[in-house]
Amino acid sequence: MVLQRTIDLFLKTSVCFTLMFFVFGCASYHDRITDYYQKIGAHNFEEAEKELDKNALLKKPRNQLLYYMEKGRVAHLRGEYEESNRYLNRADLLIEDGLKNVGDVAVGLFLNSMSQNYKGEEFEIFMLHYYKALNYMYLGQTDEAIVEARRITLQNYAQGDKYNDKSNRYSKDAFSLTLQGLIYEYEGNYNDAFIAYRNAVEVYQQSADRTYYGVSMPKNLKYDAMRMAYKLGFTSELNKLERDFDLVFRDYTPTEGGELVIFWENGKAPIKEQENIVFSLVKGEDGGVFFTNALGVMIPIDFGIAGQTSLNDIHSVNIAYPKYMVQKLPFTYATAKVNESDSFTFELVEDIDALAVLTLKERAGKELGQILTRLAVKKSAEYALKAASRSSGKNGNDNAVLEGLGLGVQLFNMLSEKADTRNWQTLPAQISYVRVPLQKGTNEITVSLEKPGGQRIDQKITVEGKGKMQFYNFATM
């Protein structure tokens, strides 16, 4: 009787604690960084950093990469470029050292991916290079910016090797290659600039519809590639580009003040939320076992993970899977006017909204397979304990223990299954750019931003024309 009362108390307590943790455990990553996120959106960067530093979730070792990326982003927005790179370099080192170990893999197999070390989305790693390169340029550390440009090449190689340069996968980043070309051009290294621009052009050309993750090839990129070919005397390359673009290249004389490359970072990256999807376990005609859902998605069981697990009692499972929620853009169109002269239109060069949604879709098969197999293993253990408790009905104590264990496993399965809703949420939704000529001395640039309803807001930028290329970026959240 004492044993039975102890077990009953354990079961009741487990239910209470499970329900309590379930309520808090269901909160998404975005829900738990809301205070920080809202202050960033309001451009209250100092208060945002305070919220960031006291956020317990971001201080957890598994979220160290996210913490460093967010710290670097806030410092950049505040204009603290040296501090920004201190944090971004730490993030970079974590990625280089690798965030995967035996324990982390085990957590992913038997608990959930939200409890693993955050390793960063592929496009987030390219964005690290973008912010680091700009920071170095603003600090006058050109050599370090060049190193960052070269690392963009290495990252593109690694990305290409990962997917064997498949045109239907995110195997290169056209924006980072364009940025690389601009940095080389700034240095006067026209040969490497041409290679970078040409590589970016080829990324667009290799896609079926000549767009790359929501972005059409910018006209600026076309002219930059042709201009570098012209400067280097690569006549055949220039002629080929003219044919490809259906354009005739005409050189122009640079202005005395040089030019300004402006990057406009519009909106905020999509938010990751959790959705629940029901899958049924079925057997194919060839004896294969796979999960399917109402949309006809078919995911084979990974027996490398499942091993010899019996799946006979499993008919359907309800899984937690991440989905991106794209946010409304604050502005839809922008132009830049220099000293009240000609107006230049910003061109979209990176669509993080599209990248996030489409790259998640690309890897859905692999991720769903891991989640479903993990859940199948958990369910099998749960059903095995229930079956054992039924077969030991004659021994009341043993039966009670097995029932208690079975319920414990059931509660653990319910509590531990959650989607990984983490991402670098303060990245922009889109990046557009424009190259504007400068006069010698002081230049006033008016950036006109258009809202979805047609209203316009002007921002002023003052810059000294120094006879060379300069960079500038600003965010509208």
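A cavity is a set of points, on a 1 Å grid over the protein atoms alone, where a 1.4 Å probe fits but cannot get out, and its lining residues have an atom within 4 Å of a point. Grid points are joined across faces, edges and corners, and a volume is the space filled by probe spheres set on the points. The model is predicted, so that local features need pLDDT of at least 70 and side-chain atom pairs count only at pLDDT 80 or more, while totals for chains, interfaces and linings use all residues. Residues are numbered from 1 along each chain as its sequence is written, and side-chain values use heavy atoms, with hydrogens and water left out.

By this rule there is one cavity of 30 Å³ or more. The largest cavity holds about 60 Å³ of space. Its lining includes Tyr-170, Asp-173, Phe-175, Tyr-204, Glu-350 and Asp-351. Two elements, helix H10 (174-187) and strand E10 (347-351), each give two or more residues to this lining; E10 gives the most, with three residues. Helices (H or I, at least four residues) and strands (E, at least two) are DSSP runs, numbered from the N terminus. The lining divides into nine nonpolar residues, no polar ones and three charged ones, where Ala, Val, Leu, Ile, Met, Phe, Trp, Tyr, Cys and Pro count as nonpolar, Asp, Glu, Lys and Arg as charged, and the others, Gly among them, as polar.

The aromatic rings come next. Rings of Phe, Tyr and Trp (its six-membered ring) pair if their centres lie within 6.5 Å; planes under 30 degrees apart count as stacked, over 60 as edge-to-face and the rest as tilted. The count comes to 18 aromatic pairs. The pair of Tyr-68 and Tyr-87 is tilted, because the ring centres are 6.4 Å apart and the planes stand at 35 degrees. Tyr-68 lies in helix H5 (residues 64-77) and Tyr-87 in helix H6 (residues 81-97), so this pair ties together parts that are 19 residues apart in sequence. Both Tyr-68 and Tyr-87 are buried (under 20% relative accessible area, with exposed over 50% and partly exposed in between, for a 1.4 Å probe and protein chains only).

Tyr-81 and Tyr-138 form another tilted pair, 4.9 Å centre to centre with 55 degrees between the planes. Tyr-81 lies in helix H6 and Tyr-138 in helix H8 (residues 122-138), so parts 57 residues apart in sequence are tied together.

Definitions and conventions: On a 1 Å grid over the protein atoms alone, a cavity is a set of points where a 1.4 Å probe fits but cannot get out, and a pocket is an open set with protein on both sides within 12 Å along at least five of seven lines; lining residues have an atom within 4 Å of a point.
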